[in-house]
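Please look over the model shown here before reading on. The paragraphs after it take up a few places in turn.

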Amino acid sequence: EVAELCVKYHDSGKVVVGFATTSGEIGFANFPYYQHSFDYLREHFIPVTIFAGEKDTSSVNTALVCGYASRLSGGFKIPESESLLNEVTSHNVAILVGTETHLMESKVLNWHKSPQRFLFDFGLHIALCSIHNSFTTKTRAEMIFHLAEASGFDTLDILRIIDNTFAAMTEDLKVAHEYQEEFWKSSMQLMEANGYKRFMNY
């Protein structure tokens, strides 16, 4: 019923931009109960974000292959498996992250310091999760500054993360590219005006 409502309101004036699971991961054993819904969403070209990899690594593969996820949230267990890292990277999906670190737990060494940095250093595309903005009193700029400070990201790292965020948005690809182009144009102008000279080949 939720998938049908999503399709109905996605087609009527873009009130709904996508579908997301947020309450918990769906393991491989339970996914058959949801398969019809995700097939239905795919048939109607609805972008899907799936929460996976919190406690069960198999939920990540399930989200990518059976749920057709275009984005993942959570993903705390991904660095524990090299094959899983390769799987996520090959699917070229973004991992949505917040700016807080205390909610994320893993057995990976030093994960508690900055899970965002850990994912980033493994070459995964991390993007900012906008829903976290509604659970904090920080402004978006303060959230990004906190992320940079807590994770040791430099300016270009943060620009890449924001770029990933635009690339992963649940919008038409053309619209997303327009946002990305405007973002880089504005960013370069701002940085040049502040004496920044070293730029990556974005």
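The model is a predicted one, in which local features need pLDDT of at least 70, side-chain atom pairs count only at pLDDT 80 or more, and totals for chains, interfaces and linings use all residues. Residues are numbered from 1 along each chain as its sequence is written, and side-chain values use heavy atoms, with hydrogens and water left out.

F120 is found in helix α5 (residues 115-121), where helices are DSSP runs of H or I with at least four residues and strands are runs of E with at least two, numbered from the N terminus. With a relative accessible area of 8%, F120 is buried, given that buried means under 20% relative accessible area, exposed over 50% and partly exposed in between, using a 1.4 Å probe and protein chains only. Once neighbours within four places in sequence are set aside, F120 is in contact (heavy atoms within 4.5 Å) with I126, F153, D157, R160 and I161. The C-alpha atoms of F120 and I161 are separated by 8.7 Å, although the two residues are 41 apart along the chain.
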